Amino acid sequence: MANNKKKNLPPAAQRYQEFQKNRETKRPLLKNCIKAFLVGGSICLLGQVISTGYVYFFNFTEQTAGNPTVATLIFITMLLTGFGVYDRIGQFAGAGSTVPVTGFGNSVVSAAIEHRSEGFILGVGGNMFKLAGPVIVYGVFSAFVVALIKTILVQWGGF
């Protein structure tokens with residue numbers, strides 16, 4: 001809280017703010033960053049290995065291997081979430097486990113598991129994309145805007 005706002009608080013609120021500040025658990029920021037970096041990097045390394053496997057064993061090109069790699073990573077994440085392993089990875093790695101592709105798979109399956117007691121249609125189907133839905137909407141909209149800008153630049157700018 002800014003010092004100007006603190007000065008405007010009543011004395012009891014200022015004492016509470018100081019009490020809260022003293023009781024607040026210090027987070028190991030550097031340790032958490034290292035864990036996030038290592039786990040996120042490992043997920044990306046796994047994606048690169050899978051992509052390379054598609055190129056060498058299934059005759060994909062480097063440009064076309066991206067789609068099956070993303071699908072494979074999402075599938076692996078969904079399996080790990082279903083078995084409860086990805087939640088442990090997320091607790092250990094924090095932000096490192098939220099690599100966009102794996103975070104998407106985790107959010108879809110977690111919501112489906114959480115709401116399965118409400119039935120398949122209203123529970124699983126209705127809540128599966130509650131968290132992932134905005135990601136899809138804004139991802140598609142961003143792709144549209146970027147494609148529109150590229151088209152305008154290519155058509156009018158000659159790039």
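1. Packing of helix 3 and helix 5. In this predicted model, helix 3, which spans residues 29–57, packs against helix 5, residues 85–93, at an angle of about 140°. The axes of the two helices are 8 Å apart. Helix 3 is therefore oblique to helix 5, because only angles over 145 degrees count as roughly antiparallel.

2. Residues in the contact. Helix 3 contributes K35, A36, V39 and I43, while helix 5 contributes Y86, I89, F92 and A93. Sorted by class, the contact of helix 3 with helix 5 comprises seven nonpolar residues, one charged residue and no polar residues.

3. Annotated spans. The unreviewed UniProt entry carries the annotation "transmembrane region" for residues 36–57, 69–86 and 135–156. In the model, residues 69–86 are 89% helix and 0% strand, and the C-alpha atoms at the ends of this span lie 18 Å apart. Residues 135–156 are 100% helix and 0% strand, with 31 Å between the end C-alpha atoms.

4. Backbone at N59. The loop between helix 3 and helix 4 (66–82) contains N59. The phi of N59 is near 60°, a positive value in a residue other than glycine. Most residues other than glycine have a negative phi.

5. Is N59 buried or exposed? N59 has a relative accessible area of 71%; this residue is therefore exposed, since the cut-off for that class is over 50%.

Methods. Residues are numbered from 1 along each chain as its sequence is written. This is a predicted model: local features need pLDDT of at least 70, side-chain atom pairs count only at pLDDT 80 or more; totals for chains, interfaces and linings use all residues. Side-chain values use heavy atoms; hydrogens and water are left out. Axes are lines fitted to C-alpha atoms, for helices over the stretch in contact, and angles run from 0 to 180 degrees between N-to-C directions. Helices (H or I, at least four residues) and strands (E, at least two) are DSSP runs, numbered from the N terminus. Angles under 35 degrees count as roughly parallel, over 145 as roughly antiparallel, 65 to 115 as roughly perpendicular and the rest as oblique. Contact means heavy atoms within 4.5 Å. Ala, Val, Leu, Ile, Met, Phe, Trp, Tyr, Cys and Pro count as nonpolar, Asp, Glu, Lys and Arg as charged, and the others, Gly among them, as polar. UniProt positions are given in the numbering used here, feature names are shortened, and annotations may be inferred rather than shown by experiment. Buried means under 20% relative accessible area, exposed over 50%, partly exposed in between (1.4 Å probe, protein chains only).
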